[in-house]
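Visitor: I am new to this structure and would like to learn how to read a few of its features. Please show it to me first.

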Amino acid sequence: LPCSSFPPRSSRFRPQFVSLPSSSSSAIMTPWIKNYPPFDREAWKTFPSTYMRGAWALTPLCLGFYLGLPWWGYFLVAALTTPLIFAGFMYMGSRLQNPWPKGGDATEWLEFKNPKDAARYKNKRIDMETLYEMYFDQELDFKHPDLHHVLTHRHEFVTFEFSIVGHLKFLITQWVPEVLSHSRRQDTEQVTDHYNRGDKQKITDEGEDDFYGCFLGDRMVYTSGITYTGEETLEQMQDNKLALVCNKIGLKKGDRHLDIGCGWGSLVNFSAKNFDTKVTGVTLAENQVAYATKVAEKWGVKDKVRYLCRDYRDIPDEKFDKVTCLEMAEHVGVKNFSTFLAQVRELMEDDGVFFLQIAGLRRAFQYEDLIWGLFMAKYIFPGADASMPLGWVVTQVEAAGFEVAHVDTIGIHYSLTIKKWFENWRKNKAQIVAKYGERWYRIFHLFLAWSSIISGTGPATCFQLTLHKNLNAFNRKQFITSRLKSESHAPTLPVDGYAKAGAMNGNGTSNGSK
């Protein structure tokens, strides 16, 4: 495979600074993904967060005193008023602070099915929530065939404003209860509804997922890939990522490896095939277990892997040398995050290594970040509220007794990965619409196009943390070699699991490629 010989880092994917034509020594940075015009509404600079926190604290106190409630009534009132106060501040802030530039014509980019809607948005911007709801309901289409291109121009015709009707209703009726609960039942329902969408019989008989396979490609990995040149295929990027993870944790023959949130088993099977490890994969989705088991049989590693279809809280009380968790911890939720980390620590040997890849947000937020996050929570990843800034994640892992060996931010890699998912989704439109309907196609169409831009311009990103128990006797010297190997992209391991398993044909395509 191409990833078995890592090419050098390409300078074209470093930020490019262009000198201004004037004699000034100032410089401007060329954006990775163009924004027309590049427009930053830096809400974090002007948002009155101190006043909002004050309102959170004082409002229930005043109401409790006025109503003559007992001391415990403060917490009850706080639970009721906190989302309302948050919504009020976001509503005013997204409209009154850093106002959008005048002008903008949504009809230049959108084709409205109802003439009244076309007249309403003539020479006027449309808020993003209204846009995507109308698109899902087939009340509008995009005039340009490439939605990714349209959304790079979004600042010309879109606003990102918090709405009382849509967003507040979602916060009160769905988001807040989910954040506060994160029960086994809730997590099971959300995960199985999302990841069991493919045809299980087709997975069992043919080893193909007819929903996720339409954009994830042959590797069936629903996490960020890694690029070293920017020119790799989606499959090569995912192979790069699997190899990089194995490098970072120092995987070796005989290791007991636990992968929490194993998805379709790509890392589990890869680890067993290339390193002769004993691997346990855990997921709540039956379809994923069926698919992963099928691949393990094909690769001849069924005796080395174990797939458990269960909640992470029910992982057997065993000890593992290496633990990996790629973009599953977000679904644990803020409420259960510290408990989850404590559980992982207990599952590890004292000299074990824990690799955590987790999607996150920037602390210096803009209003688009908020609107995108609410969209994702409603339509794509309900319950994934532990997507937080890096500082929060580091604080949590250190409080749980871990030491951070190293951290990488791979948001730009995610941007390129999702862009390739987006292209695959478009290619398979007919198949998706025929089986799952126009609405599901449109939801993921917008999700992939928008998220590729979001992860490439800063609102959201992804972090890779290599962790170990913070014990005096731990051998930290091992990370000198592994870190340097990762950064130099040296071929430190045989990345041939797919080729040896017969998944790749001589022309570089797979037997089940779409």
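Guide: Start with a term: a disulfide is a pair of cysteine sulfur atoms within 2.5 Å. Keep in mind that this is a predicted model.

Visitor: How many disulfides does a search of the whole structure find?

Guide: The search finds 0 disulfides.

Visitor: Is Cys 462 buried or exposed?

Guide: Buried means under 20% relative accessible area. Cys 462 is buried, with 0% relative accessibility.

Visitor: How should I read a helix?

Guide: An α-helix has 3.6 residues a turn, so residues three or four places apart point the same way. As a case, take helix α17, residues 411-427. From first C-alpha to last, its 17 residues reach 25 Å, close to the expected 24 Å. Its buried residues include His 413, Leu 416, Trp 421 and Trp 425.

Visitor: At what angle do the axes of α15 and α19 cross?

Guide: They cross at roughly 145° and come within 12 Å. The crossing is left-handed.

Visitor: Which residues of α15 and α19 meet?

Guide: Among them are Trp 372 and Phe 375 in α15, and Phe 447 and Trp 450 in α19. The residues of this contact divide into 10 nonpolar, 1 polar and 2 charged.

Notes:
Residues are numbered from 1 along each chain as its sequence is written. This is a predicted model: local features need pLDDT of at least 70, side-chain atom pairs count only at pLDDT 80 or more; totals for chains, interfaces and linings use all residues. Side-chain values use heavy atoms; hydrogens and water are left out. Axes are lines fitted to C-alpha atoms, for helices over the stretch in contact, and angles run from 0 to 180 degrees between N-to-C directions. Helices (H or I, at least four residues) and strands (E, at least two) are DSSP runs, numbered from the N terminus. A crossing is left-handed if the near helix is turned anticlockwise from the far one by less than a right angle, and right-handed if clockwise. Contact means heavy atoms within 4.5 Å. Ala, Val, Leu, Ile, Met, Phe, Trp, Tyr, Cys and Pro count as nonpolar, Asp, Glu, Lys and Arg as charged, and the others, Gly among them, as polar. Buried means under 20% relative accessible area, exposed over 50%, partly exposed in between (1.4 Å probe, protein chains only). The expected span of a helix is 1.5 Å times one less than its number of residues.
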